[in-house]
Amino acid sequence: MGAPDHALTGDLAEVVRHHRITQFLYREARLQDEHRYEEWESLWTEDAVYWVPANGEDIDPERDMSIVYDNRSRIGLRIRQFLTGKRYSQLPTSRLRRVIGNVEVLGEEHGGTRVTANMLLYESHRRGQILWASRNEYLLRAVDGQWRLAFKKVALVNNDTALTTMAFLI
Amino acid sequence: MIEASTAPAAHRPHWADLIQAEQVHGSLYTDPQIFQQELRKIWQRTWVYVGHVSEIPKPFDFVMKSIGPDPVLMTRDKDGQVHLLHNRCPHRGNQVCEKHRGNQRSFTCNYHGWNFGLDGALRGYPFPSGYARDKRKELGLAPVARVGIYKGFVFGSMAADGPSLEEHLGGARDAIDKLCRNSPEGEVEVTAGFLQHKVMANWKFVMENETDGYHPAFVHASIFDVADSQIGSLYGDTSTAVTRYFGNGHSEVDLRPEFRRRDKPLSWFGTTPEKLPDYVARMNAAYGEDEARRILIDGTPHIMIFPNLFIAEIQMFVIQPLSVGETVQHVTALQFKGASDFNRRLRQQTMGSVGPAGFLLADDAEMYERSHRGVQEKNPEWVYLGRGSHRERIDEHGYRIGHATDDLCSRGMWQHYRSLMEAA
């Protein structure tokens, strides 16, 4: 008893798609860990929003303070600041390695594919060894055959507490 | 024969040796025993900024705040009065409130069910026959000894006696007045929520940095280089801005001489009246065009109100020491009542600048932490604060002023600190 061929083909296509999405998220994670700022910046679409909320996951970033709430131009400014060689909070850079897991493709919507994942990040810096954990949410869009980030939200588990400096890319 | 044992010598630093005219001893930032004395002589005695009335606008609103390391509940009772209460059940010491903020008619201690009003009064407790007398009049949530409110800014003092809040604020009152006049309705609001940025450094490094006009050109060069910012020139060698010491530990960097030289409304905020037409129209209607123009040229203050409230033009920082080497900066965008288009820009700009990933504050925080590590080396033992001693002068109000980049503010803070620590 097997599924009809066309169903298997559909499942396989889904698996391949999931694989490609996770490979993209892993690549983004590695570029962040290795402070490859310009390559990371090139992952974003022109209408991108990069959001790290504070005080919960569902605040209104248009009304409430967020840790990061960057449009595309501010993402660019963030990168240019690193490239001056005078962004002292990342000189020397934090040593970073992160794991992306529990990747779920939630579905298609206007503007792209909605994906969520968990993130666990280990930071080593002069101030100490710090573990960061978050629920990430992405809107990915295929542009010229490549995945791009149209939206990324990093909801840190402890974003309602006092956090040490995190000037690296999260 | 055995000598009668004597108590160990009290750890009583000779403050005049540690705090001199142009240098202070590094141990003042790192000695845990000195920190314990600061808690008693500064944080549990002087006026400390706690919160703003706009954070609890309605009866039965409350928000969790702090005085030093201790949590403090700021509440508004049914009659609208503001209270500062210690979050400690008078019964067995349990923390009564676990929420950060909310609106409720009472607090109930989950341990034994004691119930308190928003004014701290004990309203009732289960199984009352277990007590010989009614305890409701005797026990309640302990209030902070004194509450003072100036233009909506709520301060608390854990000392029953001492200077009034108005006396404590002194010349800083004028800066708060000027700040409020940037609202067409004359009121500041604190409604955008706080970021909490923890730094592994002593609180005094944070406080001193707030009105240090020497560092921006270097610490913040990275953002000045890439952003279309005119902040850098305010803190240059040829700047006409001044540092001012108000007494009682309060100091400011007065940037108005530079803004008046530019003579352009809203230049202080890096924008023009055309970009904020609603705000400018409402300011003109409120104050008249001439006065509104003056307000919009001068901008908002950059003032450090000792020991923990820093108003930084468009943001408000509240400094909270947790331990000798750990400090939290709570920061939010200032909001001006009746200025929604302006407020939106204030929030956007603040979010970019401050907090753990901010374009400015991440680098400030890095410097506090490096200083904290640095002063633990003993050679030299001193921190040098002599910049600009030779060019201090007295302004028309009798306050000491200096160049924008001078150490005048730090010298003033340390004089005040010494007077508080020397007090019995």
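**View 1. His197(B) is the bridge partner of Leu163(A) in strand E13 of chain B.** Here strand E7 (residues 163-164) of chain A and E13(B) pair in the parallel sense over two bridges. Strands pair if DSSP finds at least two bridges between them, and strands (E, at least two residues) and helices (H or I, at least four) are DSSP runs numbered from the N terminus. This is a predicted model, in which local features need pLDDT of at least 70 and side-chain atom pairs pLDDT 80 or more, while totals for chains, interfaces and linings use all residues. Residues are numbered from 1 along each chain as its sequence is written, and chains are lettered from A and ligands numbered from 1 in the order in which they are written.

**View 2. Chain B meets chain A.** Look for 29 residues of chain B in contact with 27 residues of chain A; contact puts two C-beta atoms, placed from the backbone, within 7 Å. Among the elements of chain B that give two or more residues to this side are strand E19 (326-333), helix H12 (340-353) and helix H13 (361-374). By class, the side of chain B has 17 nonpolar, seven polar and five charged residues. Nonpolar here covers Ala, Val, Leu, Ile, Met, Phe, Trp, Tyr, Cys and Pro, charged covers Asp, Glu, Lys and Arg, and the others, Gly among them, are polar.

**View 3. Chain B is divided into domain 1 (48-150) and domain 2 (174-422).** These bounds come from an automatic or database domain assignment. The C-alpha centres of the two domains of chain B lie 33 Å apart. Nine residues from domain 1 and twelve from domain 2 make the contact. With three residues, strand E2 (residues 48-52) gives the most to the domain 1 side.

**View 4. The largest nonpolar core has 150 residues.** Such a core is a set of buried Ala, Val, Leu, Ile, Met, Phe, Trp, Tyr and Cys residues joined through C-beta atoms within 7 Å; buried means that 20 or more other C-beta atoms lie within 10 Å of the residue's own, C-beta atoms being placed from the backbone. Strand E6 (residues 146-156) of chain A gives the largest share, six residues. Domains 1 and 2 of chain B both give residues to this core, so the core lies between them.

**View 5. Tyr49(B) is one of the residues with the most contacts inside the core.** Leaving out residues up to four places away in sequence, Tyr49(B) touches Phe153(B), Phe155(B), Ile305(B), Asn308(B), Leu309(B) and Val318(B).

Technical notes:
Buried ≥ 20, exposed ≤ 12 C-beta atoms within 10 Å, placed from the backbone.
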